Amino acid sequence: MKTSETLAKAKSLIADPAKWHKGDWVKPGDASCMCAMGAVALATDLDFETSEMTKVIGSKFEFYLAAAVGYVIPESDQYRSNAPKPSIVAGSRRFALYNDRDYTTHEMVMAAFDKAIEMAQFDND
């Protein structure tokens, strides 16, 4: 499966805001609710019960998502003043941290997935 297809599958898992979560790979007590990187891990068929799922941290999936952040952080001061610079997120390749920030909304995560999918498709990946 191409990277763009895996990202699209992951996005579909958390497209409903009630299925998206911050702070844990999977919401305690509700395995159908997960963070963005938890959704990527599930989309790649990694096992949630083992450390294997941590393979998505620093992966090409997270790289595309982190690179997309610079395109999707709202321009309003309330986000910009509290947000890390997009280059810091992209440079660290840590989209998981972006997902968990207080200011990050479901809409922002979905927009990052859309941009990451577009970039992966452009790269034919």
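Trainee: Is Tyr-64 buried or exposed?

Mentor: Glad you start there! This is a predicted model, where local features need pLDDT of at least 70, side-chain atom pairs count only at pLDDT 80 or more, and totals for chains, interfaces and linings use all residues. Residues are numbered from 1 along each chain as its sequence is written, and side-chain values use heavy atoms, with hydrogens and water left out. Buried means under 20% relative accessible area, exposed over 50% and partly exposed in between (1.4 Å probe, protein chains only), and Tyr-64 has 7%, so Tyr-64 is buried.

Trainee: How many aromatic pairs are there?

Mentor: Rings of Phe, Tyr and Trp (its six-membered ring) pair if their centres lie within 6.5 Å; planes under 30 degrees apart count as stacked, over 60 as edge-to-face and the rest as tilted. By this rule, the number of aromatic pairs is three.

Trainee: Which kind of pair do Phe-63 and Tyr-64 form?

Mentor: Their rings are 6.1 Å apart, centre to centre, with 65 degrees between the planes. Phe-63 is partly exposed at 39% relative accessible area. The pair that Phe-63 and Tyr-64 form is edge-to-face.

Trainee: Why is the pair of Tyr-98 and Tyr-103 edge-to-face?

Mentor: Tyr-98 counts as buried at 1% relative accessibility, and Tyr-103 is buried too, at 10%. Ring pairs also link both of them with Phe-95 into a cluster. The Tyr-98 and Tyr-103 pair is edge-to-face because the ring centres are 6.4 Å apart and the planes stand at 65 degrees.

Trainee: Which residues does Ser-4 touch, not counting residues up to four places away in sequence?

Mentor: Ser-4 is found in helix H1 (residues 3–13); helices (H or I, at least four residues) are DSSP runs, numbered from the N terminus. Ser-4 is buried, at 7% relative accessible area. Contact means heavy atoms within 4.5 Å. With that cut-off, Ser-4 touches Ile-117, Ala-120, Gln-121 and Asp-125.

Trainee: How are H1 and H2 oriented to each other?

Mentor: The axes of H1 and helix H2 (residues 36–43) come within 8 Å and cross at roughly 125 degrees. Axes are lines fitted to C-alpha atoms, for helices over the stretch in contact, and angles run from 0 to 180 degrees between N-to-C directions. Angles under 35 degrees count as roughly parallel, over 145 as roughly antiparallel, 65 to 115 as roughly perpendicular and the rest as oblique. H1 and H2 are therefore oblique.

Technical notes:
Helix = DSSP H or I, 4+ residues; strand = E, 2+ residues; numbered from the N terminus.
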